[in-house]
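I opened this notebook to record what I looked up in one structure, entry by entry. The sequence and the coordinates come next, and my notes follow them.

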Amino acid sequence: MKITFRGWIVISCFMLVLSAMAILGAGVHAQQAASTKPVINSDAKKTGQISEEQLGNLLKAMGLTTTKKKKRYDFQFKANQNKEEWELSMSAVLSENGEWVWVMAWLDPLPRSAADVPRTAMLRLLSDNDRMGNGKFFAYVSSNRRFVLQRVIPNQDMSTKKFHAILSDLGSSVVQFYPHWSTDNWKRSTTPAPQQAAQNKSAAPTRTASGVSNFSTKKQN
């Protein structure tokens, strides 16, 4: 059968329609297949981000003995400052979303008497917050009535070396600003001059032969 020129045109149009339908059908199937795949957030797991369990393992790898209280890891850390060794009570905990690590050093408890909490002492700590920087700041934990020095760091690229440097930096600030956060110093600042002179020698922090401070924060609740 001889096909006319007009017939070839009809056949060509028909083939083009079939091709277009095939292409559209493939696109629909591809979209349906893509919709069934789980959505992966590229930021969900950042490089070097650790879990709560891995945080505990990291501390143990540093040779620290930890005690876990709910989600918080408590431990003792030795900080060296001015050729002296200070033993500090510290804690580490992940934020709720796991994107931050909170590290804190436990300091003195809040004095029972309001007269032993001078306004100038609080203002000095606020001023120190501005001076320290690097994510460090003084805070107060009402649940156990203790002051703390805290640092908040992104949960990224974590390693034992990096975490040890973070704890050492926090410990150095604890020692450096001891005259400001020590509540014994607050009491002496409100004591009349004659009595203060008599108390200075006995009230000063003493150290053992190993150089560990006797006012270390081991008395945390």
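**Entry 1: terms and ground rules**

I call a residue buried under 20% relative accessible area, exposed over 50%, and partly exposed in between, with a 1.4 Å probe and protein chains only. The model is predicted, so I noted that local features need pLDDT of at least 70, that side-chain atom pairs count only at pLDDT 80 or more, and that totals for chains, interfaces and linings use all residues. Residues are numbered from 1 along each chain as its sequence is written, and side-chain values use heavy atoms, with hydrogens and water left out.

**Entry 2: the chain as a whole**

I took helices (H or I, at least four residues) and strands (E, at least two) as DSSP runs, numbered from the N terminus. On that basis the chain has seven helices and six strands, and along the sequence they follow the pattern α-α-β-β-β-β-α-β-β-α-α-α-α. Of the 221 residues in the chain, 34% are buried. I counted a contact where heavy atoms lie within 4.5 Å; among contacts with a separation of 6 or more, 58% come from residues 24 or more positions apart.

I treated two strands as paired if DSSP finds at least two bridges between them. The six strands form an open sheet in the order S1-S2-S3-S4-S6-S5, with antiparallel pairing. Strand S1 (67–69) and strand S5 (136–141) stand at the edges with a single partner strand each, so one side of each has no neighbour in the sheet. From one strand to the next the twist averages 40°; for angles, axes are lines fitted to C-alpha atoms, for helices over the stretch in contact, and the values run from 0 to 180 degrees between N-to-C directions.

Seven of the ten residues of S4 are buried, so the strand is largely enclosed by the rest of the structure. Helix H3 (residues 119–132) lies across S5 and S6 and runs at about 145° to S5.

**Entry 3: Gln 150**

Is Gln 150 buried or exposed? I found Gln 150 buried, because its relative accessible area is 9%. Gln 150 sits in strand S6 (residues 146–154), and Met 104 stands opposite it. Leaving aside neighbours within four places in sequence, the contacts of Gln 150 include Trp 102, Val 103, Lys 136, Phe 137 and Leu 170.

**Entry 4: the core**

I used nonpolar core for a set of buried Ala, Val, Leu, Ile, Met, Phe, Trp, Tyr and Cys residues joined through side-chain atoms within 4.5 Å. The largest one has 37 residues, and those touching the most other members are Leu 59, Phe 75, Met 90, Phe 138, Phe 163, Leu 167 and Trp 181. Elements giving two or more residues to this core include S2, strand S3 (84–94), strand S4 (100–109) and helix H4 (160–176), and H4 gives the most, with six residues.

**Entry 5: salt bridges**

A salt bridge here is a side-chain nitrogen of Lys or Arg within 4 Å of a carboxyl oxygen of Asp or Glu, and the structure holds eight. Glu 52 and Lys 68 meet in one at 2.5 Å, N to O; the pair links distant parts of the chain, with Glu 52 in helix H2 and Lys 68 in strand S1, 16 residues apart. Glu 52 is partly exposed at 26% relative accessible area, and Lys 68 is partly exposed at 43%.

Asp 169 and Lys 136 meet at 3.1 Å, N to O, joining helix H4 to strand S5 across 33 residues. Asp 169 is partly exposed at 23%, whereas Lys 136 is buried at 8%. Salt bridges with shared partners also join Lys 69, Arg 72 and Asp 74 into one network.
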